[in-house]
Amino acid sequence: MIGVDAPVALADRPIHLAIRGLAPHDTVEVSAAARDYAEGEWRSRAVFRADGHGTVDLDHARPRSGTYTGADGMGLFWSMAPPGGDPDERVFHPLPPERSPSYSVQITVTAHGHRLATRTLTRQWLTPGVTHKSFTLAADKVDGDLFLPPAGGGRHPAVLLFGGSEGGKFGDYEAALLASHGHPALSLAYFRDPGLPGSLTDIPLEYFARAARSLAAQPGVDPAHVVASGYSRGTEAALLLGQFYPDLIHGVIVYSPSNRVNPGIGAHGTGGSAWTWHGRPIPQDSIPLDHIDGPVLAIAGDRDAVWASAASARQIVTELDREHNRIPHQALVYPGAGHQVGTFPYLPTGVRFWNATAGEFIENGGTRAADAAAQAEGWPKTLAFLAAMGG
């Protein structure tokens with residue numbers, strides 16, 4: 001009764017669900033459930049009316065009620081809500097890919113108080129042959145998680161990715177998916193993790209460069225195509241790496257970017273320098289882009305409540321145009337999306353979070369639905385950006 005084109009698929013792949021064998025025009029509820037490793041079971045639901053053939057095709061059917069509105073074949077996935085609390089203030093966390101290669105989503109169909117069908121779908125982080133290695137400060141002088149595609153597939157563009165003011169580990173799910181698409185990826189922590197600085201102050205760019213060199217030396221990496229990918233405050237570091245290390249960084253991807261260096265964030269609030277280079281603070285000013293020697297992709301939402309990332313994304317492209325940079329560069333600005341405009345789609349994500357570094361709730365702007373739509377459209381363009389580099 002529950003038809004699906006790909007019961008086992010990568011977590012960033014849309015699937016096509018259809019409920020068949022129902023009574024014509026009958027009313028049914030379709031629900032989804034998945035387990036967050038800390039908060040328990042998240043759930044979503046949608047009530048539909050079957051068509052005259054007794055079918056509900058989720059790609060085209062509009063829910064009469066539920067956790068999302070409008071026809072959306074993946075609505076049950078991104079609209080799941082936690083067992084308690086406000087879904088706008090939560091992010092769904094399945095087991096990380098270094099602990100489990102996939103997570104499960106259970107689809108259930110009920111009508112008139114009776115369960116009609118149940119089917120379990122597997123959402124993969126890792127395709128067969130993808131490997132993981134932890135980088136440690138003691139052994140590698142950087143803190144992160146490396147994911148490599150299966151051996152023997154040649155050399156491909158690689159991605160060094162890192163987050164923003166939240167600190168700690170960032171991007172393991174994304175790095176695993178990138179490796180599953182053939183791109184070696186290193187998810188990097190640079191503060192608020194054991195052994196690292198406790199705040200976003202005086203972070204040396206040399207630390208990121210060391211990580212990029214370690215990534216470039218890995219099997220399957222094309223060392224001439226290493227990309228820096230930053231999110232939020234991390235976009236400053238990504239752009240600075242492209243500017244100051246053009247022989248090492250050959251492309252830049254920035255999500256919810258800033259086109260200028262902002263103050264550091266310490267225990268007593270905002271102030272001081274966020275970044276250093278050769279032991280000197282990097283001035284809090286517009287980031288120069290005249291030495292960037294690779295493609296640039298800037299992704300933002302036009303309802304970002306953290307800062308004017310849409311304007312920054314457009315300004316980055318304008319600056320590269322002004323420098324007569326002939327290498328492809330593009331700004332993608334998504335209507336209605338907020339600071340959570342990226343990265344990969346279909347994982348439930350809120351729009352308002354507690355930021356331990358800042359010591360306050362951060363309003364990200366946008367809506368869950370608009371962010372989900374932006375991620376579903378933007379992620380394939382990120383993959384296409386990497387593929388165009390030669391992978």
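This is a predicted model: local features need pLDDT of at least 70, side-chain atom pairs count only at pLDDT 80 or more; totals for chains, interfaces and linings use all residues.
## Briefing on sheets, helix packing and aromatic pairs

Ala33 has a relative accessible area of 6% and is therefore buried; its place is in strand β4, which covers residues 27–36.

**Surroundings of Ala33**

- When residues up to four places away in sequence are not counted, Ala33 touches Glu41, Trp42, Arg43, Met80, Ser104, Val105 and Gln106.
- One of these partners of Ala33, Trp42, is also a member of an aromatic cluster, which is taken up under the next topic.
- Ala33 and Trp275 are separated by 242 residues in sequence, and their C-alpha atoms lie 42 Å apart in space.

**Aromatic pairs and the cluster**

- With ring centres required to lie within 6.5 Å of each other, the count comes to 19 aromatic pairs.
- In one of the pairs, Phe92 and Tyr103 have ring centres 5.8 Å apart and ring planes at 55 degrees, so the pair is classed as tilted.
- This pair links distant parts of the chain, since Phe92 lies in the loop between α1 (75–78) and β8 (102–111) while Tyr103 lies in strand β8, 11 residues apart; both Phe92 and Tyr103 are buried.
- The rings of Phe344 and Trp379 have their planes at 70 degrees and their centres 6.2 Å apart, and because planes over 60 degrees apart count as edge-to-face, this pair is edge-to-face.
- Phe344 is placed in the loop between β22 (329–334) and β23 (352–355), whereas Trp379 is in helix α7 (residues 368–388), so the pair ties together parts that are 35 residues apart in sequence.
- Phe344 counts as buried at 11% relative accessibility, and Trp379, with a relative accessible area of 2%, is buried too.
- The residues of both pairs belong to one aromatic cluster, which is formed by Trp42, Phe92, Tyr103, Trp125, Tyr173, Phe344 and Trp379.

**The eight-stranded sheet**

- Eight strands form an open sheet of mixed pairing, and their order is β10-β11-β13-β12-β15-β16-β21-β22.
- The edge strands of this sheet are β10 (131–135) and β22, each of which pairs on one side only, and from one strand to the next the twist averages 15 degrees.
- Strand β21 (residues 296–301) and β22 run parallel and are joined by six bridges, and Ala300 stands opposite Val333 in β22.
- Helix α6 (residues 309–322) packs on the sheet, where it touches β16 (251–255), β21 and β22, and its direction makes about 160 degrees with that of β22.

**The three-stranded sheet**

- A further open sheet consists of three strands in the order β1-β3-β6, and its pairing is antiparallel.
- At its edges stand β1 (2–4) and β6 (56–57), each with a single partner strand, so one side of each is left without a neighbour in the sheet.
- Three bridges join β1 to strand β3 (residues 17–19), and these two strands run antiparallel, with Ile2 standing opposite Ile19 in β3.

**Helix pairs**

- Helix α3 (residues 172–180) packs against α7 at an angle of about 55 degrees, with the two axes 12 Å apart, and α3 and α7 are therefore oblique to each other.
- The crossing in which α3 passes α7 is right-handed, and the contact is made by Glu174, Leu177 and Leu178 of α3 together with Trp379, Leu383 and Leu386 of α7.

**Thr235 in helix α5**

- Thr235 has its place in helix α5, which covers residues 233–244, and at 0% relative accessibility Thr235 counts as buried.
- Leaving aside neighbours within four places in sequence, Thr235 is in contact with Gly230, Val254, Tyr255, Ser256, Pro257 and Ser258.

Methods:
Residues are numbered from 1 along each chain as its sequence is written. Side-chain values use heavy atoms; hydrogens and water are left out. Rings of Phe, Tyr and Trp (its six-membered ring) pair if their centres lie within 6.5 Å; planes under 30 degrees apart count as stacked, over 60 as edge-to-face and the rest as tilted. Helices (H or I, at least four residues) and strands (E, at least two) are DSSP runs, numbered from the N terminus. Buried means under 20% relative accessible area, exposed over 50%, partly exposed in between (1.4 Å probe, protein chains only). Two strands pair if DSSP finds at least two bridges between them. Axes are lines fitted to C-alpha atoms, for helices over the stretch in contact, and angles run from 0 to 180 degrees between N-to-C directions. Contact means heavy atoms within 4.5 Å. Angles under 35 degrees count as roughly parallel, over 145 as roughly antiparallel, 65 to 115 as roughly perpendicular and the rest as oblique. A crossing is left-handed if the near helix is turned anticlockwise from the far one by less than a right angle, and right-handed if clockwise.
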